[in-house]
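Hi there,

Here is the structure I promised to pass on to you. Have a look at it first, and then read on.

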Amino acid sequence: MQDTSKQYDAVIDTCKSLFIKKMGDYGSAWRILRLPSLTDQIFIKAQRIRSLQQNDVRKVDEGEASEFVGIINYCIMALIQLEKGVVEQPDMSTEEAAKLYQEKVTVTKQLMEDKNHDYGEAWRDMRVSSLTDLILQKLLRVKQIEDNEGKTVVSEGIDANYQDMINYAIFAMIHLNEN
């Protein structure tokens with residue numbers, strides 16, 4: 001698990017660095033996005049990854065890795081939005097956003113470590129395409145929960161699904177970095 005922890009942190013460092021750079025370019029314009037809009041952005045990224053995995057021809061010179069980074073960052077934004085709510089105007093400094101980003105990562109990484117212990121790092125034997133499919137499945141679940149106005153009867157909430165998507169995307173990035 002020690003390698004996993006280091007690999008996890010390395011992926012997060014890449015994602016957080018991009019997030020902070022984009023905060024410098026755009027500020028916290030993302031704070032106006034409602035959860036369904038963030039979910040749709042994640043869905044677009046996951047669909048593009050699946051398309052890249054299935055098609056031989058690529059017309060845009062960006063691979064799967066950049067899309068997984070986008071999924072991770074959009075999921076973290078969604079977790080922040082769940083906690084802070086949506087605003088009408090950008091309202092967050094880079095420092096505050098980076099602090100909240102790290103808080104969400106810390107909780108999500110702990111979830112990964114707990115599940116990784118119980119599942120024995122089974123994800124290491126999975127294909128990147130299967131991780132992509134699991135992300136898409138989680139997205140469809142989130143969309144259904146959103147359509148149900150956030151209510152579930154026996155299932156995890158939206159936050160748990162975003163956390164799982166982050167972890168699946170990080171696992172995919174670790175696989176891509178190892179190949």
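Predicted model: local features only at pLDDT ≥ 70, side-chain atom pairs only at ≥ 80, totals over all residues.

Start with helix α3, residues 64–84, and helix α4, residues 94–119. Their axes come within 10 Å and cross at roughly 100°. Angles of 65 to 115 degrees count as roughly perpendicular, and α3 and α4 are therefore roughly perpendicular to each other. On the α3 side, the contact is made by Ile 72, Asn 73, Ile 76, Leu 79, Ile 80, Glu 83 and Lys 84. On the α4 side you will find Glu 96, Ala 97, Leu 100, Tyr 101, Lys 104, Val 105 and Thr 108. Sorted by class, the residues of this contact are eight nonpolar, two polar and four charged.

The largest pocket holds about 440 Å³ of space. It is lined by 19 residues, and Lys 22, Tyr 26, Asn 73, Tyr 74 and Met 77 are the closest to its centre. Which helix gives the largest share of this lining? That is α3, with seven residues. Helix α1, residues 2–26, also supplies at least two residues. The lining as a whole has 10 nonpolar, five polar and four charged residues. If you look for Asn 73, you will find it in two places: it belongs to the α3 side of the contact with α4, and it is also among the residues closest to the centre of the largest pocket.

The second largest pocket has a volume of about 300 Å³. Of its 15 lining residues, Lys 115, Tyr 119, Trp 123, Tyr 168 and Phe 171 lie nearest the centre. Two or more lining residues come from each of α4, α5 (128–147) and α6 (158–178). By class, this lining has eight nonpolar, two polar and five charged residues.

**Two glutamates with positive phi**

Next, look at two residues in loops. Glu 121 is in the loop between α4 and α5, and its phi is near 55°, a positive value in a residue other than glycine. Glu 149 sits in the loop between α5 and α6, and its phi is also positive, at about 55°, although it is not a glycine. Is each of them buried or exposed? Glu 121 has a relative accessible area of 18%, and buried means under 20%, so Glu 121 is buried. Glu 149 has a relative accessible area of 66%, and exposed means over 50%, so Glu 149 is exposed.

Ala 172 is in helix α6 and counts as buried, at 0% relative accessibility. Leaving aside neighbours within four places in sequence, Ala 172 is in contact with Phe 68, Val 128 and Leu 131. Ala 172 and Arg 124 are 48 residues apart in sequence, and their C-alpha atoms are 9.3 Å apart in space.

Val 86 is in the loop between α3 and α4 and counts as partly exposed, at 41% relative accessibility. With neighbours within four places in sequence again left aside, Val 86 is in contact with Arg 31, Ile 32, Leu 33, Arg 34 and Gln 81. Between Val 86 and Thr 152 there are 66 residues in sequence and 21 Å in space, C-alpha to C-alpha.

Happy exploring, and write back with any questions!

Best wishes

Note on methods
Residues numbered from 1 in each chain as written. Heavy atoms only, no water. Axes fitted to C-alpha atoms, helices over the stretch in contact; angles between N-to-C directions. Helix = DSSP H or I, 4+ residues; strand = E, 2+ residues; numbered from the N terminus. Parallel < 35°, antiparallel > 145°, perpendicular 65-115°, else oblique. Contact = heavy atoms within 4.5 Å. Nonpolar A, V, L, I, M, F, W, Y, C, P; charged D, E, K, R; others polar. 1 Å grid on protein atoms, 1.4 Å probe; cavity = no way out; pocket = protein on both sides within 12 Å on 5 of 7 lines; lining within 4 Å. Points joined across faces, edges and corners; volume = space filled by probe spheres on them. Buried < 20%, exposed > 50% of the residue type's maximum accessible area, 1.4 Å probe, protein only.
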